[in-house]
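Subject: Structure handover

Hello,

Here is the structure for you to look at. Please open it beside this email and follow along.

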Amino acid sequence: MLEKKQTKKIEEILTEIDLEQPAPAEEPMRQYYFMEKARRLVKTQAETLGRPLTFHVTTFGCQMNARDSEKLTGILEQIGYVEEEEENQADFVIYNTCTVRENANQKVYGHLGQLNRVKKKNPHMLIGLCGCMMQEPEVVEKLKKSYRFVDLIFGTHNIFKFAELVATRLESDRMVIDIWKDTDKIVEDLPSERKFSFKSGVNIMFGCNNFCSYCIVPYVRGRERSRNPKDIIREIESLVADGVVEVMLLGQNVNSYGKTLEEPMTFAQLLQEIEKIEGLERIRFMTSHPKDLSDELIEVMAQSQKICKHLHLPVQSGSTRILEKMNRRYTKEHYLGLVEKIKAAVPDISLTTDIIVGFPGETEEDFQETLDVVRKVRYDSAFTFIYSKRTGTPAAVLEEQVPEEIVKDRFDRLLKEVQSISAEVCSVHTKTVQRVLVESVNDHDDSLVTGRMSNNLLVHFPGEKDLVGKLVDVRLDTCKGFYYLGEMVASIRV
């Protein structure tokens with residue numbers, strides 16, 4: 001959903017562009033110039049085919065990628081493409097890729113193999129690849145050699161150039177590759193097509209400076225750079241004016257927000273400013289790195305009326321020895337101390353986490369330390385992962401890679417422990433009344449709607465489609481482990 005005010009503003013800009021003149025050097029006007037150029041090229045092709053051109057964006061990976069895909073979608077729609085649900089029916093297919101784990105790369109190659117067959121029957125079809133996977137030089141070399149049918153390849157740093165890259169490809173018949181090693185550039189005020197009318201992700205920063213030894217993200221997303229707080233506030237105010245009641249603040253490590261600004265501002269201070277925005281009901285954020293979680297942030301969360309009662313705090317391992325090898329820069333004791341502070345300040349907080357099993361050198365004793373943290377913290381849920389070796393990271397060359405059968409056994413034991421505790425923790429809200437943001441009609445029963453509580457748990461209850469996007473009060477009747485069945489008990493609040 002493109003904001004109405006934004007749509008009008010973009011149309012005004014595009015109608016004033018003179019393509020007889022050279023492209024502007026300054027952003028974002030340069031991209032609007034290429035949007036208009038691409039729009040005319042697409043219109044000509046659509047007239048030749050006798051139908052609108054269509055597109056399909058597939059997103060792999062994190063919420064940062066999901067937000068980037070909304071930007072790609074917004075630009076494609078401005079150019080004149082119409083969204084198509086079926087990938088193999090689209091004229092332009094975009095894969096926004098992830099490379100955190102090896103299997104993510106393999107998924108993309110598998111999809112490309114299928115698309116190649118489709119493209120042979122539809123020669124004017126375009127295929128574009130972007131995102132983190134494209135920042136790996138060996139990936140780009142493989143694509144150039146074995147996937148020559150791909151039309152457009154670009155990375156994470158120059159997604160704002162999408163209109164320019166599309167126009168370049170439409171004017172030629174060659175593969176277009178534009179990969180930047182790094183950037184400090186942040187371009188504001190480009191189109192974005194929101195998936196939901198009532199909630200939205202908002203990037204507050206890009207990149208990461210942590211260099212955890214297992215993680216490839218700093219190498220493909222670049223170094224930290226924070227957006228200007230005034231731009232963030234302006235964006236959220238515009239979203240709220242367009243009907244958004246909940247925002248998710250996004251960054252690889254939101255707790256380190258503000259360090260690159262000319263006038264430094266902490267993440268806690270940014271949250272306080274966002275809380276002042278009238279009409280905004282809920283604030284979420286992720287991801288938080290334990291080493292940067294300050295007492296100031298805990299205090300702001302405790303006092304806030306809008307910050308949701310949910311904190312995702314990745315622990316990765318419970319062993320201080322393994323945490324050091326991971327370059328996480330905190331100890332087991334420090335992490336547990338943080339949890340104590342958070343629970344004391346926000347007693348009804350929901351804590352979730354990420355855990356890696358099978359990091360090189362992990363012993364059974366190390367694994368037991370992880371189980372100990374899980375039992376002491378009692379997470380509402382945990383994302384559990386088997387260690388994935390990523391070429392280019394320090395951990396990839398470590399000796400003592402843990403045998404697969406041992407890793408699988410530990411993973412199964414961890415998952416059983418996490419699920420058992422989660423079922424107990426999540427059930428404590430039974431028979432209480434909670435405020436719920438209705439997000440959709442239920443996937444399996446259209447007499448029900450599905451909403452999300454402040455603590456991020458889902459609840460399904462009888463309701464009509466017109467409740468979607470509204471905040472309502474719901475009595476939680478039955479806990480089903482990771483979700484509730486309930487009944488609406490009050491009139492609509494928003």
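Below is what was found, from the overall form down to single contacts.

Please keep in mind that this is a predicted model.

**Overall form**

The protein chain has 14 helices and 19 strands. Its C-alpha atoms fill a box of roughly 65 × 60 × 50 Å along the principal axes. Of the 494 residues, 55% count as buried.

**Salt bridges**

The whole structure holds 42 salt bridges.

Start with Glu-171 and Lys-37. Their closest N and O atoms are 3.6 Å apart. Glu-171 lies in the loop between α6 (162–170) and β6 (176–178), and Lys-37 lies in helix α2 (residues 29–49), so the bridge ties together parts that are 134 residues apart in sequence.

Next, take Arg-282 and Glu-246. Here the closest N and O atoms are 3.4 Å apart. Arg-282 is in strand β11 and Glu-246 is in strand β10, so this pair ties together parts 36 residues apart in sequence. Both residues are buried.

Then see Asp-409 and Arg-413, which meet at 3.1 Å, N to O. They are four residues apart in helix α14 (residues 404–426), which means about one helical turn separates them. Asp-409 is partly exposed, at 40% relative accessibility. Arg-413 is partly exposed too, at 29%.

There is also a network of salt bridges. It links Arg-67, Glu-70, Glu-188, Arg-227 and Glu-235.

**Aromatic rings**

The count comes to 14 aromatic pairs. One of them joins Tyr-214 and Phe-359, edge-to-face, with 6.4 Å between centres and 85 degrees between planes. This pair links distant parts of the chain, 145 residues apart. Are these two residues buried or exposed? Tyr-214 counts as buried because its relative accessibility is 11%, under the 20% cut-off. Phe-359 is buried as well, at 0%.

Tyr-81, Phe-92, Phe-154 and Phe-162 form one aromatic cluster.

Two lysines sit over rings. The charged end of Lys-142 is 3.9 Å from the ring centre of Tyr-109. Lys-199 lies over the face of Phe-196, 4.8 Å from the ring centre.

**Surface**

Phe-482, Tyr-483 and Leu-485 make a nonpolar surface patch of about 250 Å². Leu-485 lies in strand β19 (residues 483–488). Its relative accessible area is 32%, so Leu-485 is partly exposed.

Best wishes

Conventions. Residues numbered from 1 in each chain as written. Predicted model: local features only at pLDDT ≥ 70, side-chain atom pairs only at ≥ 80, totals over all residues. Heavy atoms only, no water. Phe/Tyr/Trp six-rings, centres within 6.5 Å; stacked < 30°, edge-to-face > 60°. Helix = DSSP H or I, 4+ residues; strand = E, 2+ residues; numbered from the N terminus. Buried < 20%, exposed > 50% of the residue type's maximum accessible area, 1.4 Å probe, protein only. Lys NZ or Arg CZ within 6 Å of the ring centre and 35° of its normal. Patch = residues over 30% accessible without salt bridge, like charges linked within 9 Å, V, L, I, M, F, W, Y side chains within 5 Å. Areas by Shrake-Rupley, 256 points an atom, 1.4 Å probe, with all protein chains shown as cover. Salt bridge = Lys/Arg side-chain N within 4 Å of Asp/Glu carboxyl O.
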